[in-house]
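This briefing covers confidence, strand pairing, a loop and a pocket, in that order. Please read it with the sequence and the model side by side.

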Amino acid sequence: KISTLLYECDINIEDINQKIMDSYFVMIMLVDMKQSKQSLEKVREELENISDALQVKIQIQHEDIFKMMHRV
């Protein structure tokens, strides 16, 4: 459902990383929104709907925020 939404929004998945962390399945996707006509906020809203339906937590954030959080 997530990749379908990204496809429908013209968002390209560039990289996917998956692992188990503290018994939780974690997936990180690096996506390119340059071709998308949707705003980050609109995509976030659509992902929240999917999150509720799948009963999972989905977070989306701008690359700048991600980089700042993961700086060494």
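pLDDT is the predictor's confidence in each residue, on a scale from 0 to 100. The structure shown is a predicted model, and its average pLDDT is 91, with 97% of the residues scoring at least 70. Among the elements of the protein, helix 1 has the highest mean pLDDT, 96, whereas helix 3 has the lowest, 73.

**Confidence**
- Where pLDDT is low, the predicted coordinates should not be read in detail.
- Helix 3, with its mean pLDDT of 73 the lowest among the elements, is also one of the elements that give two or more residues to the lining of the largest pocket.

**Strand pairing**
- Strand 1 and strand 2 run antiparallel and are joined by 9 bridges; one of the pairings links Lys19 to Val26, its bridge partner in strand 2.
- The hairpin formed by strand 1 and strand 2 has 2 residues between the strands, and within this hairpin Asp22 takes a positive phi near 50 degrees.

**The loop between strand 2 and helix 2**
- Gln35 is placed in the loop between strand 2 and helix 2, and Ser36 has its place in that loop as well.
- Gln35 counts as exposed because its relative accessible area, 61%, is over the 50% cut-off.
- Ser36, in contrast, counts as buried because its relative accessible area, 13%, is under the 20% cut-off.
- The C-alpha atom of Gln35 is separated by 8.2 Å from that of Asn12, although the two residues are 23 residues apart along the chain.
- A polar atom of the Ser36 side chain lies 2.7 Å from the backbone oxygen of Cys9, and a polar atom of the Ser36 side chain also lies 3.0 Å from the backbone nitrogen of Gln38.

**The largest pocket**
- The largest pocket holds about 1,400 Å³ of space and is lined by 32 residues, of which Met27, Ile28, Met29, Gln59 and Ile60 lie nearest its centre.
- The elements that give two or more residues to this lining are helix 1 (2–8), strand 1 (12–21), strand 2 (24–32), helix 2 (40–54) and helix 3 (63–69).
- Strand 2 supplies the largest share of the lining, 9 residues, and strand 2 is also the strand that pairs antiparallel with strand 1.
- Sorted by class, the lining of the largest pocket comprises 20 nonpolar, 5 polar and 7 charged residues.

Notes: Residues numbered from 1 in each chain as written. Predicted model: local features only at pLDDT ≥ 70, side-chain atom pairs only at ≥ 80, totals over all residues. Heavy atoms only, no water. 1 Å grid on protein atoms, 1.4 Å probe; cavity = no way out; pocket = protein on both sides within 12 Å on 5 of 7 lines; lining within 4 Å. Points joined across faces, edges and corners; volume = space filled by probe spheres on them. Helix = DSSP H or I, 4+ residues; strand = E, 2+ residues; numbered from the N terminus. Nonpolar A, V, L, I, M, F, W, Y, C, P; charged D, E, K, R; others polar. Pairing = 2+ DSSP bridges. Buried < 20%, exposed > 50% of the residue type's maximum accessible area, 1.4 Å probe, protein only. Polar contact = N/O pair within 3.5 Å; in protein donor to acceptor, adjacent residues only side chain to side chain.
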